[in-house]
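This report describes the fold of a single predicted model.

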Amino acid sequence: MKQDLNIHFEVYKNISELDDIEKKLFETASEIRKTAYAPYSEFFVGCAILLENGEIIVGNNQENAAYPSGLCAERTAIYWLAANHPGLEIKKIFVVGGPKNEAADNNIPIPPCGSCRQSILEYESKQSSPIEIYFASTQGKTVKCYSVKDLLPFSFDKNYL
């Protein structure tokens, strides 16, 4: 039987279309992106996570010559959060990525990779509430998803174990 799959997302042409907290998250992710350690790919990614208490946690990608020992910005931030604030819920995740040279950015929003999507799913499942995910280019074009399940529709979580 053929079935259709629907996902829900919004696209913003630039950051002027975002609300104040989303703009702050974009700016925070953009700033932490600049200190990423990406000497091999020269592709810098920053992540800002809004917690339920209003605090913002950040992370950036960390590469390693011994692939795949590096870690993406999203997981860097999420794992630090889990170790230091284990009981707090994540409300929003904002990811900004692109080439080190922002002038070379083609304004395509950079989504979380598969491993990051699975890690976000773990925390969304753990807190039993959706996490809004925003991903953007360095130029500001942004996609908003209402849950990681929009990015990972046939997801695998604790319910299968």
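Which residues of α3 are buried? In this predicted model, they are C116, R117, S119, I120, L121, Y123, E124, S125 and Q127. The cover over these buried residues includes α2, β4 and β5. The length of α3 can be checked against its residue count: 14 residues at 1.5 Å a residue should span 20 Å, and the end C-alpha atoms of α3 are 20 Å apart, so the two agree. After α3 comes S128, which has a positive phi, near 55 degrees.

**The sheet**

Six strands form an open sheet with mixed pairing, in the order β1-β6-β5-β4-β2-β3. The edges are taken by β1 (9–12) and β3 (56–60); each has a single partner strand, so one side of each has no neighbour in the sheet. On average, neighbouring strands are turned by 15 degrees against each other, direction ignored. The pairing of β1 with β6 is antiparallel and runs over 4 bridges. V11 stands opposite V143 in β6. In general, strands of a sheet pair through backbone hydrogen bonds, either parallel or antiparallel.

| Helix | Strands it lies across | Angle |
|---|---|---|
| α1 (residues 20–33) | β2, β3, β4, β5 and β6 | about 45 degrees to β4 |
| α2 | β2, β3 and β4 | about 35 degrees to β2 |

In soluble globular proteins, nonpolar side chains tend to be buried together. The largest nonpolar core here has 23 residues, and those with the most contacts inside it are C47, I49, I78, I90, I93, I120 and F135. At least two residues of this core come from each of β2 (43–51), α2 (73–84), β4 (90–99), α3 (114–127), β5 (132–137) and β6 (142–145). Another core, of 11 residues, lies apart from it and has Y12, L18, F26 and L50 among its members.

What does I78 touch, leaving aside residues up to four places away in sequence? The contacts of I78 are I49, I90, I93, I120 and Y123. Of these, I120 and Y123 are also among the buried residues of α3.

**The annotated span**

The UniProt record, in an unreviewed entry, lists residues 20–159 as "domain: CMP/dCMP-type deaminase". In the model, this span is 29% helix and 24% strand, and its end C-alpha atoms lie 36 Å apart.

Methods: Residues are numbered from 1 along each chain as its sequence is written. This is a predicted model: local features need pLDDT of at least 70, side-chain atom pairs count only at pLDDT 80 or more; totals for chains, interfaces and linings use all residues. Side-chain values use heavy atoms; hydrogens and water are left out. UniProt positions are given in the numbering used here, feature names are shortened, and annotations may be inferred rather than shown by experiment. A nonpolar core is a set of buried Ala, Val, Leu, Ile, Met, Phe, Trp, Tyr and Cys residues joined through side-chain atoms within 4.5 Å. Buried means under 20% relative accessible area, exposed over 50%, partly exposed in between (1.4 Å probe, protein chains only). Contact means heavy atoms within 4.5 Å. Two strands pair if DSSP finds at least two bridges between them. Axes are lines fitted to C-alpha atoms, for helices over the stretch in contact, and angles run from 0 to 180 degrees between N-to-C directions. The expected span of a helix is 1.5 Å times one less than its number of residues.
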